[in-house]
Amino acid sequence: MRKAPALLAALVTFGALSGAAPALATGLDIEIAGEASGTIHIDLFEDIAPKHVEQIAALAAAGDYDGVYFHRVIKGFMAQTGDVEFAREGGDMRRAGMGGSSRPDLPAEFSDKTFDRGVVGMARAQNPNSANSQFFIMFAPGPFLDGQYTVVGEVTSGMDIVDAIKLGDGPNGSVIGEPDRMVKVTVTE
């Protein structure tokens with residue numbers, strides 16, 4: 001059962017190493033569990049953020065996103081996930097949002113795509129070239145993020161499930177108690 005994701009991860013990695021375009025990933029199916037339950041589909045924008053899309057696809061194909069929590073969820077703004085290092089069962093949730101992956105950070109790939117409802121962007125630290133594995137989904141338009149964060153995709157189905165993700169009540173939108181999680185993230189073609 002793990003052979004197909006492993007093969008896809010190998011092909012995505014080969015494409016990155018050989019300089020070929022990351023043409024294997026066109027989207028993600030994310031099965032969510034918790035207060036929200038169901039599957040969302042994200043179309044990935046390979047044309048405007050090819051390095052970020054390749055990284056997300058490789059992490060998803062390797063199963064790194066499976067079981068990762070939505071650790072920061074701010075009503076009327078966004079839901080953040082993807083901290084494969086700390087934001088999962090058995091992880092150090094006090095450090096959720098500070099982790100990345102074993103892959104290198106990415107240079108920014110800013111575009112003229114605006115942060116509308118359902119748009120997916122890469123989270124980062126102060127340095128614009130520090131995005132790694134974490135991403136966020138917009139609940140509402142956030143044009144103040146335009147040109148500051150890399151847009152990587154857009155939710156094309158399941159936005160009602162995104163809207164139901166458990167909200168954060170802690171500092172800076174951190175989720176108290178058991179956060180909703182990405183049960184399984186699958187790369188689609």
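## Close-up views of a predicted model

**View 1. E109 and its contacts.** Leaving aside neighbours within four places in sequence, E109 is in contact with I48, A49, P50, K51, H52 and T150. The model shown here is predicted. E109 sits in the loop between β5 (78-81) and β6 (119-122). Is E109 buried or exposed? Its relative accessible area is 11%, so E109 counts as buried; the cut-off for buried is under 20%.

**View 2. Polar contacts of the E109 side chain.** A polar atom of the E109 side chain lies 3.1 Å from the backbone nitrogen of K51. With H52, the link runs from side chain to side chain: a polar contact of 2.5 Å joins E109 and H52. Now look along the chain to P128. E109 and P128 are 19 residues apart in sequence. In space, their C-alpha atoms are 9.3 Å apart.

View 3. T150 is found between β7 (135-138) and β8 (151-157), in the loop. Its relative accessibility is 4%, so T150 is buried. Which backbone atom does the side chain of T150 reach at 3.0 Å? The backbone nitrogen of E109. Neighbours within four places in sequence are left aside for the contacts of T150, which include A49, H52, A108 and E109. F110, F115, V120, G121 and M122 are also in contact with T150.

**View 4. The open sheet.** Follow the strands across the sheet. There are 9 of them, in the order β3-β9-β1-β2-β8-β6-β7-β5-β4. The sheet is open, and its pairing is antiparallel. Which strands stand at the edges? They are β3 (68-69) and β4 (72-74). Each has a single partner strand, so one side of each is left without a neighbour in the sheet.

**View 5. Where β6 meets β7.** These two strands pair over 3 bridges, in the antiparallel sense. Find V120 first. Opposite V120 stands I137, in β7.

View 6. S101 lies in the loop between β5 and β6. E109 is found in the loop between β5 and β6 too. The side chain of S101 reaches the backbone nitrogen of R103 at 3.1 Å. A polar contact of 2.6 Å joins the side chains of S101 and N132. Not counting residues up to four places away in sequence, S101 touches Q55, L59, V84, N132 and S133.

**View 7. The largest pocket.** Rolling a probe the size of a water molecule over the atoms shows where empty space is left. The largest pocket has a volume of about 420 Å³. Its lining has 21 residues, and the closest to its centre are Q80, G97, A123, R124 and A125. How is the lining split by class? It has 8 nonpolar, 10 polar and 3 charged residues.

**View 8. The second largest pocket.** About 210 Å³ of space lies in this pocket. Its lining is made up of H71, R72, Q80, M93, A96, G97, P171, N172, S174, V175 and G177. By class, 4 of the lining residues are nonpolar, 6 are polar and 1 is charged. Look for Q80 and G97 here. Q80 and G97 are also among the residues closest to the centre of the largest pocket.

Methods. Residues are numbered from 1 along each chain as its sequence is written. This is a predicted model: local features need pLDDT of at least 70, side-chain atom pairs count only at pLDDT 80 or more; totals for chains, interfaces and linings use all residues. Side-chain values use heavy atoms; hydrogens and water are left out. Helices (H or I, at least four residues) and strands (E, at least two) are DSSP runs, numbered from the N terminus. Buried means under 20% relative accessible area, exposed over 50%, partly exposed in between (1.4 Å probe, protein chains only). A polar contact is a pair of N or O atoms within 3.5 Å; within protein, one must be able to donate a hydrogen and the other to accept it, and residues adjacent in sequence count only if both atoms are side-chain atoms. Contact means heavy atoms within 4.5 Å. On a 1 Å grid over the protein atoms alone, a cavity is a set of points where a 1.4 Å probe fits but cannot get out, and a pocket is an open set with protein on both sides within 12 Å along at least five of seven lines; lining residues have an atom within 4 Å of a point. Grid points are joined across faces, edges and corners, and a volume is the space filled by probe spheres set on the points. Ala, Val, Leu, Ile, Met, Phe, Trp, Tyr, Cys and Pro count as nonpolar, Asp, Glu, Lys and Arg as charged, and the others, Gly among them, as polar. Two strands pair if DSSP finds at least two bridges between them.
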